[in-house]
Amino acid sequence: MADDSFTITDNRTGESVTVPVVDGTISAAALRELDRGLWFYDPAYLSTANCDSKITEIDGNEGILRYRGYPIEQLAEQSSFLEVAYLLIHGELPTEAEAAEWIHHITFHTYVHEDITRFIKGFRYDAHPMGTLVSTIAALSTFYPEAKDIDDPYTRLVQIIRLMAKMPTMAAFTYRNRMGLPYEYPVNHLTYTGNFLRMMWSVADPDYVPDPTLTRALDVLFILHADHEQNCSTTTMRTVGSSRADPYSAVAAATCGLYGPLHGGANEQVIRMLHEIGSFDNVAAYVERAKSGDVLLQGFGHRVYKNYDPRAKIIKETADAVFKVTGLNPLLDIAMKLEEVALSDSYFKDRRLYPNVDFYSGLIYEAMGFPLDMFTVLFAIGRTPGWLAHWVEMLGDPEQKIYRPRQKYTGPDQRDYVPIENR
Ligand code: SDX
């Protein structure tokens with residue numbers, strides 16, 4: 001067995017250091033033995049592991065995704081979103097008693113302070129729901145000053161329960177405010193996801209119960225979005241959390257990261273792209289535009305998956321169940337033709353670009369009646385337990401400190417100030 005190590009020689013001094021290869025990584029600490037003034041230059045962290053984590057494992061080549069060792073396929077088929085949230089945050093699947101307590105606490109924390117409901121009403125009817133959501137999450141931090149005591153496990157757990165419980169309420173209230181509809185307050189007799197759908201869609205119907213197939217489908221989508229190791233928004237959560245900010249401020253920052261069209265905002269862009277393509281006949285031309293760099297094929301490609309995103313496969317299967325209830329989304333045919341054309345084209349094959357989690361999810365959301373700009377809000381609800389699990393793990397990791405990378409300075413050398421009259 002080859003010795004799992006590198007030997008690095010500094011030719012400037014002739015000194016060498018042996019750097020062990022551990023879990024596919026080499027430690028920068030070994031390099032610092034050679035020269036404490038050296039940094040790894042790695043824009044966008046393409047080849048950087050910022051932590052070790054026990055939460056989610058991805059094998060990008062094999063298209064594998066596991067939460068705490070459990071394959072995503074099994075969790076999507078057999079688990080529930082709240083159970084997966086418990087698994088991600090606590091590390092193990094709950095016993096019946098643990099699950100009952102977890103669900104009870106979340107169920108009884110779904111209300112937000114009435115001042116928050118007024119805060120949401122301060123946004124215009126056409127405010128993008130993600131802008132409202134990130135602001136409201138940040139505002140929540142002002143209601144729970146005790147949340148700053150991040151070293152106390154009980155205080156952390158209370159904020160985790162509050163954030164899990166209130167994300168759907170804030171999301172639904174954001175939608176209701178945009179529609180000029182009165183808020184539909186949470187109830188305690190429905191499931192987590194059923195309660196969210198009731199808050200979204202119930203109008204003048206105190207007995208409203210959401211469709212069980214659609215409720216299950218959305219719960220599966222939340223499971224699929226729950227965590228994904230060091231993606232942009234989760235790294236943002238860890239970065240802000242590393243300064244010891246409260247969890248509401250960190251989740252608000254993570255939600256901002258998710259908002260971007262290259263990240264969580266892609267599900268909205270996919271549907272806009274499919275509407276722009278408009279018909280079967282236009283697919284080939286659009287793919288050519290993507291190959292020329294004129295447009296991105298939204299919902300395609302991934303920094304880690306160089307194979308089919310396992311979540312996209314499950315979402316495609318979930319779509320069948322949803323469309324049986326809602327009727328087929330006419331964009332599905334265009335999406336499937338786009339996938340077929342792209343996956344047979346060397347541009348995409350050579351770059352190992354496959355459909356990702358966002359490629360099909362929007363088709364389901366649209367068929368369920370969600371407006372386009374609510375799609376990333378749904379992603380945020382699903383990703384909240386992942387963000388919180390990484391926050392807790394980072395706080396408990398003795399190797400972690402405040403995130404503070406260095407840079408390569410390439411700006412001007414020292415120069416003297418020039419008064420404005422001489423410029
Ligand atoms: C999510 O990180 C996560 O885990 C994210 C996520 C999660 O669960 O948290 O999985 C959720 O964000 C999924 C990704 C959603 N974004 C999109 O679907 C937007 C479209 N995809 C691309 O923007 C892109 O694929 C990224 C951003 C997802 C990944 O970009 P990378 O890894 O930085 O790759 P790259 O941009 O360097 O692309 C490599 C090559 C380039 O061509 P060349 O310069 O080699 O000629 O592939 C091309 C790119 O131009 N390319 C695409 C493309 N994606 C990459 N060309 C056309 N369409 C695309 N979608």
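Strand β5 (residues 64-67) pairs with β6 in the antiparallel sense over 2 bridges, where strands are DSSP runs of E of at least two residues, numbered from the N terminus, and two strands pair if DSSP finds at least two bridges between them. The model is predicted, with local features requiring pLDDT of at least 70 and side-chain atom pairs counted only at pLDDT 80 or more, while totals for chains, interfaces and linings use all residues. Residues are numbered from 1 along each chain as its sequence is written, and side-chain values use heavy atoms, with hydrogens and water left out.

Within β6, P71 is the bridge partner of R66. The open sheet comprises 3 strands in the order β4-β5-β6, with antiparallel pairing. Its edge strands, β4 (56-59) and β6 (70-71), each pair on one side only.

A further antiparallel pair is formed by strand β1 (residues 5-10) and strand β2 (residues 15-22), joined by 6 bridges. In this pair, V19 of β2 stands opposite F6. The two strands form a hairpin with 4 residues between them, and G14 in the turn has a positive phi of about 80°. In a regular strand, side chains alternate between the two faces of the sheet.

An N or O atom in the side chain of H302 is 2.6 Å from an oxygen atom of the ligand. A polar side-chain atom of H263 lies 2.9 Å from a ligand oxygen atom, and a polar backbone atom of G299 is 2.9 Å from an oxygen atom of the ligand. Taken alone, the ligand exposes 1100 Å², of which the protein buries 72%; accessible areas come from the Shrake-Rupley method with a 1.4 Å probe.

Q400 is located in the segment after α18 (375-395), helices being DSSP runs of H or I of at least four residues. Q400 counts as buried because its relative accessibility is 16%, the cut-off for buried being under 20% relative accessible area (1.4 Å probe, protein chains only). The side chains of Q400 and Y403 are joined by a polar contact of 3.5 Å, a polar contact being a pair of N or O atoms within 3.5 Å; within protein, one must be able to donate a hydrogen and the other to accept it, and residues adjacent in sequence count only if both atoms are side-chain atoms. Leaving aside neighbours within four places in sequence, Q400 is in contact (heavy atoms within 4.5 Å) with N50, C51, R238 and M394.

Note on methods:
Buried means under 20% relative accessible area, exposed over 50%, partly exposed in between (1.4 Å probe, protein chains only).
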